[in-house]
Amino acid sequence: MPQIIIHVDMDAFYASVEMRDDPTLRGKPLIIGSLPSERGVVATCSYEARPFGVHSGMNIKDAYRLCPGGIYMHPNFEKYRAVSRQLHAIWDTYASASETIALDEAYLDVTEQAVDWEGARRIARLIKERTLEELKLTCSVGLAYSKTAAKTASEEKKPDGYFEILSPEEYVRLIQDRDVKVLYTVGGSTAEKLYGIGIRTVRDVQQRQEDVIRLLGKQGRWITQVALGIDERRVEPYRPEEAKSIGRELTFQKDVDNYELLRDVLFLLALNVENRAKRVGLRGRGVTLKLTYANMKSITRSRSPAACGGAVSIWREAASLLDKVEKRPVRLIGVSLYNLTDTEEQQLRLEGFDTEDARTREAEQKRMLAALGERYHLDFEGNLEKLFHMETLHRTAEYMRKHF
Ligand code: DCP
Ligand code: MG
């Protein structure tokens with residue numbers, strides 16, 4: 001059945017909220033994240049800071065070098081979460097299914113409410129108007145026939161943008177001369193591989209589908225579909241505040257009986273879980289380890305420490321659970337966070353950008369990534385973002401398995 005999908009994403013979210021609430025910040029390069037005197041990264045920055053080359057995830061010291069005249073501020077998560085709730089409440093009224101991707105981002109299935117494209121345009125317009133009028137914030141909206149196209153569309157005219165892609169043909173026409181990185185799930189390392197065989201643009205992918213599939217297997221198959229504008233994924237109703245847990249798991253190509261390796265892979269899973277939880281503004285107070293043994297028998301073990309914030313602490317809990325299980329060959333390993341909470345008290349205690357605690361945690365994570373890097377001869381630290389893609393995570397785990 002054809003779908004009508006809207007993807008909505010706020011512009012420079014954290015920074016826009018701060019500028020809205022403090023007019024003296026408006027029109028200035030504003031960088032939210034750690035302060036230049038601290039260790040840490042940029043969470044986001046205003047559009048005024050972007051021409052300097054500052055972007056999310058960048059080391060704060062690098063940002064400061066590029067933009068010494070910027071205003072640097074810690075994030076105020078409590079506020080962003082409150083705004084996020086208001087945003088999603090507005091958006092959800094127009095959708096039969098709403099999939100929250102992040103505090104500032106959602107996919108909306110508007111097929112029923114819209115009836116046709118004209119109806120969908122009206123909804124898109126209402127979403128932009130109401131977001132601006134009621135919350136004094138701008139967003140970018142993409143209207144399309146699929147999730148990938150809707151996401152591409154919302155990025156097309158950022159900030160305060162609106163764009164529509166109504167058919168696979170339109171999608172293909174728009175992106176075919178662009179770099180393969182525009183394709184959903186193609187990150188840096190996949191792109192490098194494709195460049196390696198002379199595939200640089202989406203058009204190249206279309207013309208050399210067999211080569212792409214031979215090179216990348218299952219992921220290749222998906223990429224060739226996306227390059228043709230085919231993506232039939234549905235909008236999955238998801239509201240993080242109703243979620244019971246946030247987890248990640250992976251299945252090895254071959255069973256693993258090396259528990260040192262499992263501990264290492266567990267750390268990558270923990271990083272993923274932390275990242276996902278952070279995106280939707282949640283923390284957990286319990287950790288569950290899941291194993292499926294080679295004989296298909298699954299077990300789960302849980303612990304609820306007083307607080308469990310960063311990846312290192314999630315990993316520590318999960319690893320100590322792993323130490324205690326029966327040591328048989330494993331085909332699947334997973335870790336999840338439960339007893340989710342979004343209270344300020346929890347957030348401050350665990351996130352505390354300005355506390356010694358956060359710095360210690362970050363240093364520990366760095367140390368662990370460096371140690372892992374040495375063990376497997378991989379640059380985990382420099383590729384952290386990529387590891388958040390399940391595809392890369394799988395490939396990395398397989399590589400670790402073969403090279404332990
Ligand atoms: N965020 C973060 N760390 C990242 C990326 C994002 O903390 N590496 C936070 C800050 C952002 C919010 O999530 O404000 C939303 O992320 P987006 O990627 O949508 O970025 P912005 O909304 O800030 O900017 P854009 O206008 O490009 O969407
Ligand atoms: Mg955004």
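Which loop is D379 found in? I started there, with the caveat that this is a predicted model. D379 turned up in the loop between α15 (356-376) and α16. I then asked about its accessibility: D379 has a relative accessible area of 49%, so I noted it as partly exposed, since exposed would need over 50%. I also took a distance from here. D379 and L369 are 10 residues apart in sequence, and their C-alpha atoms are 8.3 Å apart in space.

**Metal site**

Next I looked up the magnesium ion (ligand 2). What coordinates the magnesium ion? I found D9 and D104, each through OD, and M10 through its O, at 1.9 to 2.3 Å. Along the chain, the donors follow the spacing D-M-x93-D.

Why do I call the arrangement octahedral? There are six donor atoms around the magnesium ion, and they subtend angles of 78 to 176 degrees, which makes the arrangement octahedral.

I checked two of the coordinating residues for accessibility. D9 comes out at 11% relative accessibility, so I put it down as buried. M10 has a relative accessible area of 2%, so M10 is buried too.

I stopped at A12 on the way along the chain. A12 lies in the loop between β1 (5-10) and α1 (13-21). Its phi is positive, about 40 degrees, although A12 is not a glycine. Buried or exposed, I wondered about A12? A12 is buried, because its relative accessible area is 7%.

Phi of M296 is near 75 degrees, a positive value in a residue other than glycine. I located M296 in the loop between β10 (286-293) and β11 (298-303). M296 counts as exposed, because its relative accessibility is 53%.

**A cis peptide bond**

Then I looked at the backbone around P159. The peptide bond from K158 to P159 is cis, and I wrote down an omega near -10 degrees. P159 has its place in the loop between α6 (147-156) and β8 (162-165).

**Second largest pocket**

I turned to the second largest pocket, where the space comes to about 640 Å³. Which elements give two or more residues to its lining? My list reads α8 (188-196), α10 (209-216), α11 (218-227) and α16 (390-403). The largest share, eight residues, comes from α16.

Sorted by class, I have eight charged, seven polar and six nonpolar residues in the lining. I also checked the domains: domain 2 (172-227) and domain 3 (240-403) each give the lining at least three residues.

**Two more distances**

How far apart in space are N59 and P329? I got 40 Å, C-alpha to C-alpha, for a pair 270 residues apart in sequence. N59 sits in the loop between β3 (42-45) and α2 (60-66). At 32% relative accessibility, N59 counts as partly exposed.

My last stop was V335, which lies in strand β12 (residues 330-338). V335 counts as buried, because its relative accessibility is 2%.

Technical notes:
Residues are numbered from 1 along each chain as its sequence is written. Chains are lettered from A and ligands numbered from 1 in the order in which they are written. This is a predicted model: local features need pLDDT of at least 70, side-chain atom pairs count only at pLDDT 80 or more; totals for chains, interfaces and linings use all residues. Side-chain values use heavy atoms; hydrogens and water are left out. Donors are N, O and S atoms within 2.8 Å of the metal (3.2 Å for Na, K and Ca); water is not among the atoms, so sites may look incomplete. Four donors count as tetrahedral if all angles lie between 85 and 135 degrees; four count as square planar and six as octahedral if opposite donors are over 155 degrees apart and all others between 65 and 115; anything else is irregular. Buried means under 20% relative accessible area, exposed over 50%, partly exposed in between (1.4 Å probe, protein chains only). On a 1 Å grid over the protein atoms alone, a cavity is a set of points where a 1.4 Å probe fits but cannot get out, and a pocket is an open set with protein on both sides within 12 Å along at least five of seven lines; lining residues have an atom within 4 Å of a point. Grid points are joined across faces, edges and corners, and a volume is the space filled by probe spheres set on the points. Helices (H or I, at least four residues) and strands (E, at least two) are DSSP runs, numbered from the N terminus. Ala, Val, Leu, Ile, Met, Phe, Trp, Tyr, Cys and Pro count as nonpolar, Asp, Glu, Lys and Arg as charged, and the others, Gly among them, as polar. Domain bounds come from an automatic or database domain assignment.
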